[in-house]
Amino acid sequence: MGNEQTKIPMRGTPEANQKKLEEWRKKWNVQDGQMAMFSNVMKNLKMRDGKVKLKNFVKLFVKVGCDSTAAEHFFNAMDTDGSGTVDEDELLESYGVQFGGSVEQRLRQSFRIFDHNRSNSLDKGEVKRGYAELIRAKTRMAHHLTGKTTVIFTPEQIKQLEDKIDDIYAKVDTNGDGVLNIDEYLDGFKNYPELCEGFQQFT
């Protein structure tokens with residue numbers, strides 16, 4: 001696996017990169033299969049100086065089943081400093097949380113994915129779009145389709161989705177302001193795990 005690590009395009013020297021990846025694997029308990037997945041992502045992102053721009057990020061994720069809007073939301077969630085690029089440290093942190101983070105760390109990351117307008121709160125529209133994007137992406141992946149393939153929901157599916165979201169907000173939006181803040185989001189998982197299980201698919 002050491003040879004696999006040295007092939008990952010990063011901005012440091014081979015020795016520094018090797019050490020960085022070994023520390024990252026240890027911190028997040030990254031397994032061989034996960035390392036191979038991360039290596040493949042890094043090689044295909046066409047990074048320059050340890051950074052990837054939105055265009056190249058979206059292009060890769062559309063190939064594996066995300067539509068361009070969903071890919072942009074993933075990019076924005078990873079771009080934690082709001083620089084307009086995702087650097088290798090942000091990628092390492094994001095994938096580390098995905099591979100071996102605690103439940104709270106993964107929930108906080110999923111909150112950022114849902115929070116499309118970066119308001120630090122989730123309205124029903126954001127959650128509905130987030131669910132829809134996930135369902136479409138999973139459907140495409142199951143059939144080996146790219147993100148350019150249209151997946152259409154039936155009226156019944158849309159109604160089921162809206163009812164589920166209404167149920168979540170009725171119980172989890174404790175201050176009744178129509179949005180979920182991070183505390184309500186985290187407490188909702190603790191108090192209503194069966195109700196909010198759909199969110200877990202983003203963690």
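The chain has ten helices and four strands, where helices (H or I, at least four residues) and strands (E, at least two) are DSSP runs numbered from the N terminus. Starting at the N terminus, the order of elements is α-α-α-β-α-α-β-α-α-β-α-α-β-α. This is a predicted model, in which local features need pLDDT of at least 70 and side-chain atom pairs count only at pLDDT 80 or more, while totals for chains, interfaces and linings use all residues. Residues are numbered from 1 along each chain as its sequence is written, and side-chain values use heavy atoms, with hydrogens and water left out.

As for overall size, the C-alpha atoms fill a box of roughly 55 × 35 × 30 Å along the principal axes. Of the 203 residues, 42% count as buried, that is, under 20% relative accessible area with a 1.4 Å probe and protein chains only. Among contacts (heavy atoms within 4.5 Å) between residues at least 6 apart in sequence, 60% join residues at least 24 apart.

Now to one helix pair. Helix α2 (residues 14-28) packs against helix α3 (residues 32-44) at an angle of about 130°, and their axes are 12 Å apart. Axes here are lines fitted to C-alpha atoms over the stretch in contact, and angles run from 0 to 180 degrees between N-to-C directions. That angle makes α2 oblique to α3, given that under 35 degrees counts as roughly parallel, over 145 as roughly antiparallel, 65 to 115 as roughly perpendicular and the rest as oblique.

Terms used:
Buried means under 20% relative accessible area, exposed over 50%, partly exposed in between (1.4 Å probe, protein chains only).
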